[in-house]
Amino acid sequence: MLATLLLHADQCVSVDQLARRLWGDRLPRDPRRVVQTYVVRLRRWLGDGGLIRTRDGGYVMELDHERLDLLEFRRLLRLAARAGRPEDEVALLRRAVGLWRGPACENVESDVLHHLDVPILTEQYQHAVERRVDLELRAGPPGELIAELRALTREHPLRERHWAQLMTALRGCGRRAEALDVYSSVFRTLRDELGIEPGRELRELHEAILSGDDVAFPGVTPPRELPPDVRHFVGRAKELRLLDDALAEEGSAARTAVVVGRGGVGKTAMAIRWCASVAGDFPDGQLYLDLRGFDARPALEPADALRALLRGLGVAPGDIPADETAASALFRTRTTGRRLLVLLDNALDTRQVRPLLPGRGPVVVVTSRNQLRGLVASGAATRVVLRPLSGDESAALLAGLLAKDPAWRETDQARRLAALSDGLPLALRVIGERLARQPELPLTDLVRDIDADPDAVASGDDAVHAMLSSSYERLDTTTKRVLRLTGGLHPGPVLDPRPVAALVGMPVDRVRAHFDHLVANHLAEQTGPHRYELHRLVRSYAAAEMRRQDTAPDQDAARGALLFLREYRPSTIDAEAPVRF
């Protein structure tokens with residue numbers, strides 16, 4: 001119990017967590033009572049009743065870094081990560097590593113503790129050692145590190161970084177044959193132990209030594225994974241300032257911003273634009289990952305996403321835990337105190353994102369069609385809502401795409417095309433691509449085609465249809481039906497849940513719940529108390545799905561309900577009962 005509370009100093013440890021570390025799966029009859037008894041004994045043994053405090057559902061060991069070497073170790077790591085000069089960082093890392101006296105909790109008999117808690121702490125230590133050696137190799141002379149590195153490779157034979165550091169040190173001293181012999185040793189070790197060959201860093205180092213090339217400094221190149229910026233970016237000045245404000249203060253509790261909005265509204269483009277503008281403030285790198293939340297492919301599971309992020313940070317695949325919780329803890333360990341920018345694109349929901357949040361220090365931008373309400377409500381993130389472009393902005397984007405004179409944006413054709421696109425940059429880019437591909441096509445004909453059939457926006461390019469389809473397929477069966485019948489049969493874009501209740505044959509309150517789900521996924525917009533709106537392209541897609549899926553009798557019954565409502569007072573509909581005729 002003492003080891004568990006110290007490993008989680010200043011954090012609340014629940015009774016269930018304590019019991020699991022004390023007894024594993026062989027719990028006593030009343031674990032809560034036994035834990036309480038142990039806490040009383042521990043307080044008496046420590047002789048300081050204020051150290052262990054009771055919190056909701058658990059206990060906290062309250063200490064500062066001057067009383068616990070673990071807290072001092074982590075404090076020194078944070079200082080090292082922010083050090084401006086390499087020599088200062090080396091000095092701080094030496095002090096941090098010098099606090100260790102051997103394997104953590106070596107004399108504590110708890111399989112669970114050694115499986116869940118100790119690996120995280122050990123990884124922090126090993127990463128600190130690797131970072132210090134990297135810096136000292138760069139500063140030279142390398143010969144002073146060879147003995148230490150030989151000991152490290154014996155102690156940790158599966159950590160490829162130490163082997164690479166040893167090869168580099170030997171090559172730097174002119175001991176080329178010994179460096180090649182080290183590669184043979186690690187090759188045999190990895191083959192015999194794991195059945196794999198050395199990773200890319202070791203292979204490239206081996207080839208460089210064989211060819212007599214200069215050996216590059218070993219270490220992870222800071223990731224630079226941001227996609228290229230989009231051309232003809234228009235507007236979004238207000239939203240970019242909101243991102244600046246949300247992520248500016250390093251000491252703020254939330255260093256995560258979620259950019260949410262409809263599919264095709266330009267969330268990814270804006271996030272990339274902002275990240276590219278501030279990338280210089282993050283010398284430790286920029287990570288990017290498409291979470292495939294609204295995609296034809298299955299959404300990434302958090303464990304798979306964590307593996308990709310950790311590989312981007314240079315963690316060898318064999319060092320990444322298979323367990324999601326352990327991998328998430330390792331990601332926080334590797335990112336805490338680092339000046340790192342993380343862009344998580346196309347997130348599905350809060351469940352997918354939460355394990356991917358790094359430790360304190362990095363900045364995270366998440367994009368999603370989901371409002372990620374759980375993440376925002378918990379205080380873990382700030383939300384920035386991205387709405388469709390205004391008419392002037394839409395016309396300006398289209399003019400840029402078509403290389404038109406700026407005055408063209410004021411023409412009736414430009415305004416009409418902008419309006420027909422629902423202000424979605426994706427739809428505007430599809431229109432621009434079609435006009436560039438068919439320069440002989442009169443604009444008046446294109447306007448007429450889209451006005452008659454909004455699906456014509458995606459003619460020759462299924463981008464818009466695929467975007468709407470991916471959002472639609474994430475809905476539950478009943479919400480899909482509500483959207484289909486509403487978009488296909490309701491006479492206008494502005495919706496009142498009461499006539500829609502008649503349309504779909506269910507209680508008004510349930511209709512409101514389904515509309516709330518549509519709003520959360522940006523397929524509808526709430527414009528007032530109990531008032532909603534479906535945008536033009538969404539209505540067109542829903543109508544097409546209704547014609548494809550709903551039978552003629554179902555459609556006729558729904559139409560009959562709407563016709564009856566013309567003579568009916570919607571305010572008298574009972575919100576608790578289905579509306580039937």
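Residues are numbered from 1 along each chain as its sequence is written, and side-chain values use heavy atoms, with hydrogens and water left out. In this predicted model, local features need pLDDT of at least 70 and side-chain atom pairs count only at pLDDT 80 or more, while totals for chains, interfaces and linings use all residues.

An open sheet is built from 5 strands. Their order is β5-β6-β7-β4-β8, and the pairing is parallel. The edges are β5 (286–290) and β8 (382–386), each of which pairs on one side only. From one strand to the next, the twist averages 15 degrees. Strands pair here if DSSP finds at least two bridges between them. Strands and helices are DSSP runs numbered from the N terminus (E, at least two residues, for strands; H or I, at least four residues, for helices). Strand β4 (residues 256–261) and β8 pair in the parallel sense over 5 bridges. Within this pairing, Val 259 stands opposite Val 384 in β8.

Helix α12 (residues 237–247) lies across β4, β7 (363–368) and β8. Its direction is at about 175 degrees to β8. Such angles run from 0 to 180 degrees between N-to-C directions, with axes fitted to C-alpha atoms, for helices over the stretch in contact. Contact means heavy atoms within 4.5 Å.

Side chains of opposite charge can pair when their charged atoms come close. The structure holds 23 salt bridges (a side-chain nitrogen of Lys or Arg within 4 Å of a carboxyl oxygen of Asp or Glu). One of them joins Glu 72 to Arg 95, with the closest N and O atoms 3.8 Å apart. Glu 72 lies in helix α4 (residues 69–82) and Arg 95 in helix α5 (residues 86–97), so the pair ties together parts that are 23 residues apart in sequence. Burial is judged by relative accessible area with a 1.4 Å probe and protein chains only: buried is under 20%, exposed is over 50%, and partly exposed is in between. Glu 72 is buried at 13%, whereas Arg 95 is partly exposed at 48%.

A salt bridge also links Glu 130 and Arg 159, whose closest N and O atoms are 2.9 Å apart. Glu 130 is in helix α7 (residues 118–139), and Arg 159 is in the loop between α8 (146–155) and α9 (160–172), so this pair ties together parts that are 29 residues apart in sequence. Both Glu 130 and Arg 159 are buried.

Asp 509 pairs with Arg 512 in a salt bridge, at 3.1 Å between the closest N and O atoms. Both residues lie in helix α25 (residues 508–520), 3 residues apart, about one turn of the helix. Asp 509 is partly exposed at 34% relative accessibility. Arg 512 is partly exposed at 23%. Elsewhere, salt bridges that share partners join Arg 94, Arg 132, Glu 136 and Glu 148 into one network.

Glu 545 is placed in helix α26 (residues 536–549). Glu 545 is buried, with a relative accessible area of 6%. Leaving aside residues up to four places away in sequence, Glu 545 touches Tyr 472, Arg 484 and Asp 550.

Leu 194 belongs to helix α10 (residues 176–194). Leu 194 counts as partly exposed, at 45% relative accessibility.
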